[in-house]
Amino acid sequence: MPRTPVAAVPGPPAPASIAPAKRAREDAGDGADDRQPKPKKAKPSPNSKGAGALDPEGDAVIVLDNQQTGFQEKYLVSSKILSLASPVFTKMFSQKFSEGAKVRNGEVPSIDLEEDDAEMMGIILNILHYRLEDIPRDIETLPLAILAMLSDKYDCERALGIGYALLAAYKFHCKPSFLSGLASRASKFLPHNFYAQCYKDGLIDLLPEDLEDALIVHIDEAMHRLFATLHGVEEHLQERSKGFQLSPPKRICQACDKMYLKKEKKCTCTAFTEDRLCTVEYRVAAYFPLLGKAGLYPHSEQVEGLSGDQVFRKIEGMAKDSGHRCQGGQKCPLKVALKKVLDEALVIQTAVDVEWTWK
Ligand SMILES: [Zn+2]
Ligand SMILES: [Zn+2]
């Protein structure tokens, strides 16, 4: 299930009347403020009356409308666990939203997720709180619920969310093909040091060791392929090809390399200028600064800490908006090379290539 890449377009501010979950979803993604004051301990609240305690010390209540039974289902949840697993919840429980402010004030807010499938959401909440014993064993909805967790809607593609998803699939002996698909997907969204995060949460002890090994190997292989593709482009760019007029046309000083617009025939250093074309050397020189601007070069600890998905998004941004314009249009070898990188990255990103079954 490859995610359709969508360009980030800043939207208008959401009206206050939209349900909290929806608002948070639309707004999710620009990171939460971690310089928040220490939250107060949850106080007893009428909101938690009759709620199933997924976390006995929970600090928020999620309300679901079960269309089949016609009843409301309430869950006492940990805002911290949900925030760690999904950016949607990170946003919802941030200071910017009243729900987050109430949590910090110990008020145990009630959050209505009325538009969500109650059965599926119930399973997701149980999985995220590692309450696997409370999920019916023979349930067919489980794989769907796991996929929903990882969908654009809840976006649980963080070490904790995806780790719990894998764990649930493993514990419930989901089909090997499903497990392999899930592990493949996980490998694209986790950085190669993901187990550091999972160790912290005690999750890694619960996952089978050979799965951890398979994931690490695959993450490293995919990252290696992605960067080999990125660096292999230089070779393509070296291939002889004609030069194109830049748009708008530019001139360069023959003596000091200063660039000018078309009409300047002479440089301030008194030397003459000449036409600057999009040539082999121009394109090679333009490529690495592009990588640098995208945050993919030079190689650093920060670059190494990226997940395959993050690298893919950076490549996508670079290919879609390179800032390079010349008369070659889409046939300009630089554009062709960037398109090639993007195509290859997409292949790497969507491959189902972790074959793993429990022993
Ligand atoms: Zn000059
Ligand atoms: Zn060009």
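1. The crossing of helix H10 (residues 209-238) and helix H11 (residues 280-293) is right-handed; a crossing is left-handed if the near helix is turned anticlockwise from the far one by less than a right angle, and right-handed if clockwise. In this predicted model, the two helices pack at an angle of about 165°, with their axes 9 Å apart. Axes are lines fitted to C-alpha atoms, for helices over the stretch in contact, and angles run from 0 to 180 degrees between N-to-C directions. H10 and H11 are therefore roughly antiparallel to each other (angles under 35 degrees count as roughly parallel, over 145 as roughly antiparallel, 65 to 115 as roughly perpendicular and the rest as oblique). From H10, Leu230, His231, Val233, Glu234, Leu237 and Gln238 meet Val280, Arg283, Val284, Tyr287, Phe288 and Leu291 of H11, where contact means heavy atoms within 4.5 Å.

2. On conventions, the model is predicted, and local features need pLDDT of at least 70, side-chain atom pairs count only at pLDDT 80 or more, and totals for chains, interfaces and linings use all residues. Residues are numbered from 1 along each chain as its sequence is written, chains are lettered from A and ligands numbered from 1 in the order in which they are written, and side-chain values use heavy atoms, with hydrogens and water left out. Helices (H or I, at least four residues) and strands (E, at least two) are DSSP runs, numbered from the N terminus.

3. Three strands form an open sheet in the order S6-S5-S7, with antiparallel pairing; two strands pair if DSSP finds at least two bridges between them. Strand S6 (259-261) and strand S7 (273-278) are the edge strands, each pairing on one side only. From one strand to the next, the twist averages 45°. Helix H11 packs on this sheet and touches S5, S6 and S7, its direction making about 70° with that of S7.

4. Strand S5 (residues 244-253) is joined to S6 by three bridges. In S6, tyrosine 260 is the bridge partner of arginine 251, and methionine 259 that of isoleucine 252. S5 and S6 form a hairpin with five residues between them, and aspartate 257 in the turn has a positive phi of about 65°. Six bridges join S5 to S7, and lysine 250 stands opposite arginine 276 in S7.

5. Helix H5 (residues 118-128) is mostly covered, with 10 of its 11 residues buried (buried means under 20% relative accessible area, exposed over 50%, partly exposed in between, with a 1.4 Å probe and protein chains only). Among the buried residues are Met120, Met121, Ile123, Ile124 and Leu125. The buried residues of H5 pack against strand S2 (60-65), strand S3 (72-77) and helices including H2 (79-85), H6 (141-150) and H7 (159-171). At the start of H5, a side-chain oxygen of aspartate 117 comes to within 3.0 Å of the backbone nitrogen of glutamate 119. Tyrosine 130, which follows H5, has a positive phi near 50°.

6. Helix H13 (residues 308-320) and helix H14 (residues 333-350) pack at an angle of about 155°, their axes 9 Å apart. That makes H13 roughly antiparallel to H14. Their crossing is left-handed. Phe312, Ile315 and Met318 are among the residues of H13 that make the contact, and Leu338, Val341 and Leu342 are among those of H14.

How values were computed: Polar contact = N/O pair within 3.5 Å; in protein donor to acceptor, adjacent residues only side chain to side chain.
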